[in-house]
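Please have a look at the sequence and the structure first, and then read on.

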Amino acid sequence: MRKFVVAAVFLGVVGCATAPTSEPAPAPTPAPDPRIGEMQTAMTELLERMDVLNDRIAKLEEGAPASSPAGAAASRAAAPEEGRRDA
C-alpha cells in the first residue's frame, strides 16, 4: 500500500511539473458579418416595442385606459355584442 501511495505522489509531482513547451494556437476568429449591425438594430427596435407594450399592459392591469387606437376600436367592436342576447 505504501508503494502505491509513493508511486501516486511521484506521478502527480512529475505530471504537474511538466508543461507543454509550445503555446496552443489561438482559435481562428470568424470574419465579421455585415448583417450583425442590422440585426442589432432590429433587436433594439423590438426591445423598445416590447417596452411600450409592457407599459400598456401594466396600465390595463391597473385599470387605466390604454392610449392605443387599436384598444379603443376593440372595445367599440365588443360593445354591440354585449347588448345582443339570444333567447
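## Contacts, helices and surface

The structure holds 1 salt bridge, a term that stands for a side-chain nitrogen of Lys or Arg within 4 Å of a carboxyl oxygen of Asp or Glu. Its partners are Arg 35 and Asp 33, whose closest N and O atoms lie 3.1 Å apart.

A word on the ground rules: this is a predicted model, where local features need pLDDT of at least 70, side-chain atom pairs count only at pLDDT 80 or more, and totals for chains, interfaces and linings use all residues. Residues are numbered from 1 along each chain as its sequence is written, and side-chain values use heavy atoms, with hydrogens and water left out.

The protein has 3 helices and 0 strands, taken as DSSP runs (helices H or I, at least four residues; strands E, at least two) numbered from the N terminus. Confidence is given as pLDDT, the predictor's score for each residue from 0 to 100. The protein averages 74, and 61% of the residues score at least 70. Confidence is highest in helix 2 and lowest in helix 3, as tabulated here.

| Helix | Residues | Mean pLDDT |
|---|---|---|
| helix 2 | 35-62 | 94 |
| helix 3 | 69-83 | 54 |

The end C-alpha atoms of helix 2 are 41 Å apart, which agrees with the 40 Å that its 28 residues should span at 1.5 Å a residue; the expected span is 1.5 Å times one less than the number of residues. Just after helix 2, Gly 63 takes a positive phi of about 100 degrees.

How much of the protein is buried? Of its 87 residues, 1% count as buried (under 20% relative accessible area; exposed is over 50%, partly exposed in between, with a 1.4 Å probe and protein chains only). Arg 35 is exposed at 53%, while Asp 33 is partly exposed at 30%. Phe 4, which sits in helix 1 (residues 2-17), is exposed too, at 61%.
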